[in-house]
Amino acid sequence: RWFVVRNAIAILGDIRSQDSLAQLTPLLEHDEIRVRRETIRALTKIGGNRAIKVLMQTALADDQELRRQAILSLGAIRAASAVPTLLSLLQRSDWSQRAIDFKKDTIRALGEIRSPEAIPELTKIVKKKRWMRRQLNDELRITAAAALGDIADESTRSVLEKATHDRT
């Protein structure tokens with residue numbers, strides 16, 4: 001029964017033992033979405049390099065809902081080793097609303113991680129103005145500006161100040 005499995009996963013997450021990762025990882029393939037979601041939460045609670053690797057693999061997987069949760073979890077645990085993977089996810093050129101929401105989550109995670117490594121890409125997003133798909137691009141720009149504010153590096157100040165005077 002899925003709810004028994006989900007509850008067991010929640011308990012393993014609360015225990016926070018690295019030894020549980022071997023049993024949790026296969027549950028990311030479970031038929032029930034609630035079990036898969038709880039597995040992501042448990043991996044986030046457990047943390048550590050092995051859990052981060054599993055979360056990064058999930059962030060690149062086909063399951064859209066788990067991808068989003070894995071990305072947000074990487075930000076929540078401030079997984080600096082995930083920054084290159086997250087930056088590569090921003091390079092995709094899909095402009096559907098789902099893809100933009102996915103990119104905004106990725107940008108939020110980069111802001112939570114607060115790695116200076118993300119500054120050049122986030123700066124590029126803030127500066128980029130488009131006439132086509134303008135509203136979607138502006139959503140990305142706003143999210144990137146907030147992430148730069150979270151990183152709070154002196155080098156981002158001029159970009160953010162210039163963005164405050166943006167009229168287009």
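## Close-up views of a predicted helical chain

**View 1. Arginine 78 is partly exposed, with a relative accessible area of 44%.** The model shown here is predicted: local features need pLDDT of at least 70, side-chain atom pairs count only at pLDDT 80 or more, and totals for chains, interfaces and linings use all residues. Residues are numbered from 1 along each chain as its sequence is written, and side-chain values use heavy atoms, leaving out hydrogens and water. On the accessibility scale, buried means under 20% relative accessible area, exposed over 50%, and partly exposed in between (1.4 Å probe, protein chains only). Arginine 78 sits in the loop between helix 5 and helix 6. Its phi is positive, about 55 degrees, although the residue is not a glycine. Most residues other than glycine have a negative phi.

**View 2. Alanine 152 has a positive phi of about 50 degrees although it is not a glycine.** This residue belongs to the loop between helix 9 and helix 10. Alanine 152 is exposed, at a relative accessible area of 59%.

View 3. Helices (H or I, at least four residues) and strands (E, at least two) are DSSP runs, numbered from the N terminus. Read from the N terminus on, the elements run α-α-α-α-α-α-α-α-α-α. The C-alpha trace spans about 55 × 30 × 20 Å along its principal axes. Of the 168 residues, 44% count as buried. Among contacts (heavy atoms within 4.5 Å) with a separation of 6 or more, 64% come from residues 24 or more positions apart.

**View 4. Helix 7 (residues 97-113) packs with helix 9 (residues 134-151) at an angle of about 10 degrees, the axes lying 8 Å apart.** The two helices are therefore roughly parallel to each other; this label applies to angles under 35 degrees, whereas over 145 counts as roughly antiparallel, 65 to 115 as roughly perpendicular and the rest as oblique. Helix 7 contributes Gln97, Ile100, Lys103, Lys104, Ile107, Arg108, Leu110 and Gly111 to the contact, and helix 9 contributes Leu136, Glu139, Leu140, Thr143, Ala144, Ala147, Asp150 and Ile151. Sorted by class, these are eight nonpolar, three polar and five charged residues. Here Ala, Val, Leu, Ile, Met, Phe, Trp, Tyr, Cys and Pro count as nonpolar, Asp, Glu, Lys and Arg as charged, and the others, Gly among them, as polar. Axes are lines fitted to C-alpha atoms, for helices over the stretch in contact, and angles run from 0 to 180 degrees between N-to-C directions.

**View 5. Helix 3 (residues 33-46) and helix 5 (residues 64-76) pack at about 15 degrees, with axes 10 Å apart.** This angle makes helix 3 roughly parallel to helix 5. From helix 3, Ile33, Arg36, Arg37, Ile40, Arg41 and Thr44 meet Glu65, Leu66, Gln69, Ala70 and Ser73 from helix 5. The contact holds four nonpolar, three polar and four charged residues.

**View 6. In helix 8 (residues 119-127), Ile119, Glu121, Leu122, Thr123, Ile125 and Val126 are buried.** Their cover includes helix 6 (83-90), helix 7, helix 9 and helix 10 (157-164). Leucine 122 has 0% relative accessibility and counts as buried. Setting aside neighbours within four places in sequence, leucine 122 is in contact with Ile107, Leu110, Ala144, Ala147, Leu148 and Ile151.

**View 7. The largest nonpolar core has 45 residues.** Such a core is a set of buried Ala, Val, Leu, Ile, Met, Phe, Trp, Tyr and Cys residues joined through side-chain atoms within 4.5 Å. Those with the most contacts inside it are Leu43, Ile71, Leu74, Leu86, Ile107, Leu110 and Leu122. At least two core residues come from each of helix 2 (21-24), helix 3, helix 4 (48-59), helix 5, helix 6, helix 7, helix 8 and helix 9. Apart from neighbours within four places in sequence, leucine 43 is in contact with Leu21, Leu24, Leu28, Ala51, Val54 and Leu55. In soluble globular proteins, nonpolar side chains tend to be buried together.

**View 8. Threonine 85 is in helix 6 and isoleucine 142 is in helix 9.** Threonine 85 counts as buried at 18% relative accessibility. With neighbours within four places in sequence left aside, threonine 85 is in contact with Met56 and Leu60. Isoleucine 142 is exposed, with a relative accessible area of 60%. From isoleucine 142 to alanine 163 there are 21 residues in sequence and 9.4 Å in space, C-alpha to C-alpha.
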